[in-house]
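Trainee: Please show me the structure first. Then I will ask what stands behind each label.

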Amino acid sequence: MDIKLIALDMDGTVYYRMGEIVPSNIPPLHAAIAQGIDVAIVTGRPVLAPPNKLKKHGLVSDKTVIVGYNGGCIYHVEKEEVIHSNPIDSEMAKKVFELIEKPEYSQTIF
């Protein structure tokens, strides 16, 4: 079976939680990219968050993408362009914020 794509969670997997990339993850990712395997980094972070230093570590191919904002945006790293975006409607976001202010949701962790 040939591997075509590796999709990796960012925080706590490829990267330290909300920090920089785990150094021991760099060589295997370089090896995968050298074999022509596409890499997708998946995160709740914004696609252009400062710690997303894939280029700095040589972890970008012509197909590398970041799936950011918890799936709300797919960003092509090399081309520096949004491939697809599906943001939450502003009215829906307002409703969510109104709901989380209610007492029955006071123990919810965001």
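Trainee: Why does Glu20 count as partly exposed?

Mentor: Glu20 has 33% relative accessibility. Buried means under 20% relative accessible area, exposed means over 50%, and partly exposed is in between (1.4 Å probe, protein chains only). The value 33% falls in between, so Glu20 is partly exposed. A word on the numbers: this is a predicted model, where local features need pLDDT of at least 70 and side-chain atom pairs count only at pLDDT 80 or more, while totals for chains, interfaces and linings use all residues. Residues are numbered from 1 along each chain as its sequence is written, and side-chain values use heavy atoms, leaving out hydrogens and water.

Trainee: What makes Lys53 and Glu20 a salt bridge?

Mentor: Their side chains meet at 3.3 Å, N to O. A salt bridge is a side-chain nitrogen of Lys or Arg within 4 Å of a carboxyl oxygen of Asp or Glu. Lys53 has a relative accessible area of 29%, so it is partly exposed.

Trainee: How many salt bridges does a search of the whole structure find?

Mentor: Three. One of them joins Lys55 and Glu80 at 2.6 Å, N to O. Lys55 lies in the loop between β2 and β3 and Glu80 in the loop between β4 (73–76) and β5 (81–85), so the pair ties together parts 25 residues apart in sequence.

Trainee: Lys55 or Glu80: which is exposed, and which is partly exposed?

Mentor: Lys55 has 43% relative accessibility, so it is partly exposed. Glu80 has 52%, so it is exposed.

Trainee: How do you know that Lys94 and Glu91 are separated by about one helical turn?

Mentor: Both are in helix α2 (residues 90–100), and they are three residues apart, so about one helical turn separates them. Lys94 forms a salt bridge with Glu91, with the closest N and O atoms 3.4 Å apart. Lys94 is partly exposed at 47%. Glu91 is partly exposed too, at 45%.

Trainee: Asp38 is buried; what makes it lack a salt bridge?

Mentor: Asp38, in strand β2, has Lys63 as the nearest side chain of opposite charge, 4.3 Å away. Lys and Arg count as positive, Asp and Glu as negative; His and the chain ends are not counted. The 4.3 Å value is not within 4 Å, so no salt bridge is assigned. Leaving aside neighbours within four places in sequence, Asp38 is in contact (heavy atoms within 4.5 Å) with Lys4, Leu5, Ile6 and Lys63.

Trainee: Which strands are called edge strands?

Mentor: Five strands form an open sheet in the order β1-β2-β3-β4-β5, with mixed pairing. The edge strands are β1 and β5, each pairing on one side only. Two strands pair if DSSP finds at least two bridges between them. β4 and β5 have four bridges, in the antiparallel sense, so they pass that test. Tyr75 has Val82 in β5 as its bridge partner, and His76 stands opposite Glu81 in β5.

Trainee: Which residues touch the most other members of the largest nonpolar core?

Mentor: Val14, Ile41, Leu54 and Leu59, out of 17 residues. Such a core is a set of buried Ala, Val, Leu, Ile, Met, Phe, Trp, Tyr and Cys residues joined through side-chain atoms within 4.5 Å. The elements giving two or more residues are α1, β2 and β4. The largest share, three residues, comes from α1. Beyond its neighbours within four places in sequence, Leu59 has contacts including Ile26, Leu29 and Leu54.
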